[in-house]
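Colleague: Could you walk me through how the helices pack here, and where the pockets are?

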Amino acid sequence: MATTLSLLRLSLPTLSQKSSHQTHSKPVDLPSPARSTISKHSFVSIHPERLISETTHLLKSASLPLTALTLPLLLLEPKDALAVDGEFGILEGRTFALVHPIVMGGLFFYTLWAGYLGWQWRRVRTIQNEINELKKQVKPVAVTPEGSPPAEARPPSPIEAKIQQLTEERKELIKGSFRDRHFNAGSMLLGFGVLEAIGGGVNTWFRTGKLFPGPHLFAGAAITALWAAAASLVPAMQKGNETARNLHIALNGLNVLLFIWQIPTGIEIVFKVFEFTPWP
């Protein structure tokens, strides 16, 4: 290819000289405006057919065929594989457009899992309160005049049996480390959720050059804000603020409802991606 381009550089001035010689040897009667135009733009050839013919002949006689020039140009033309104008490359394609729905679908199920872990940790705390309330209802054990318990042990009362059951349940819950697991799950959900919520809007702009205000966009923005609001209550929750704990649960419950309501509009957008966006 370098050899061919070198030949072109050497041959084009020669052809220009030939065409100039022919022009001076055979003057053509042209109106005065045309003469002034040609004098100002001396590079315009009077015989373009002859110039094209001689250039093609030189290319055929070169060491590399003409396809050596055209093949790289074909390989560098990317617009057939891109969604809009090819300005952002593969970022406009179907592959990156499908990242958002796949990640958000996984985050929806991860939200349910994080909620389960949080409820189990709440159960560890509340079950102790139940045990304490039941202990207040247990009647004192009768003793002998000497102050010792009776020789025959009486069967446990229903309240005592309930206390024993809850105590065993609490021990099993503590083994699950639900507090730390819920904190870690919530942190990952907040980080990946906010990142992908913003990434979805950016990807839409890559593909279309604009955003589409509507239910899906507004619900996504609300979900992102609820994630941040629920996370902001954690310091107060760690100090034992019961109001903050209840508000944390309410915000995340609303978040799940918005997530479920948003699924049909998200599926509709995925269908549009397959309709209007090519691979990759």
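**Helix packing and pockets**

Modeller: Happy to! In this predicted model, the axes of helix α8 (residues 215-232) and helix α10 (residues 242-276) come within 9 Å and cross at roughly 155 degrees.

Colleague: Which term describes how α8 and α10 run relative to each other, roughly parallel or roughly antiparallel?

Modeller: Their axes cross at roughly 155 degrees. Angles over 145 degrees count as roughly antiparallel. Therefore α8 and α10 are roughly antiparallel.

Colleague: How many residues of the contact of α8 with α10 are charged?

Modeller: On the α8 side the contact includes His 216, Ile 223 and Trp 227, and on the α10 side it includes Leu 251, Asn 255 and Trp 261. By class, the residues of this contact divide into 14 nonpolar and 8 polar, and the number charged is none.

Colleague: And α5 with α10: is the crossing left-handed or right-handed?

Modeller: The axes of α5 and α10 come within 10 Å and cross at roughly 155 degrees. That makes α5 roughly antiparallel to α10. As for the hand of the crossing of α5 and α10, it is left-handed.

Colleague: How many charged residues are in the contact of α5 with α10?

Modeller: Arg 94, Arg 122 and Arg 125 of α5 take part, as do Glu 242 and Arg 245 of α10. Arg and Glu both count as charged. The contact of α5 with α10 also has 15 nonpolar and 2 polar residues, and its charged residues number 5.

Colleague: Now the pockets, please. Which helix gives the most to the lining of the largest pocket?

Modeller: The largest pocket has a volume of about 1100 Å³. Of its 41 lining residues, the closest to the centre are His 100, His 216, Thr 265, Gly 266 and Ile 269. At least two lining residues come from each of α5 (94-137), α7 (178-208), α8 and α10. With 12 residues, the helix that gives the most is α10.

Colleague: How many charged residues does the lining of the largest pocket have?

Modeller: The lining of the largest pocket has 23 nonpolar and 15 polar residues, and its charged residues number 3.

Colleague: What about the second largest pocket: which residues are closest to its centre?

Modeller: About 870 Å³ of space lies in the second largest pocket. Two or more lining residues come from each of α5, α7, α8, α9 (234-238) and α10. By class, its lining has 14 nonpolar, 11 polar and 5 charged residues. Of the 30 lining residues, the closest to the centre are Gly 118, His 182, Met 237, His 248 and Asn 252.

Terms used:
Residues numbered from 1 in each chain as written. Predicted model: local features only at pLDDT ≥ 70, side-chain atom pairs only at ≥ 80, totals over all residues. Heavy atoms only, no water. Axes fitted to C-alpha atoms, helices over the stretch in contact; angles between N-to-C directions. Helix = DSSP H or I, 4+ residues; strand = E, 2+ residues; numbered from the N terminus. Parallel < 35°, antiparallel > 145°, perpendicular 65-115°, else oblique. Contact = heavy atoms within 4.5 Å. 1 Å grid on protein atoms, 1.4 Å probe; cavity = no way out; pocket = protein on both sides within 12 Å on 5 of 7 lines; lining within 4 Å. Points joined across faces, edges and corners; volume = space filled by probe spheres on them. Left-handed = near helix turned anticlockwise from the far one by under 90°.
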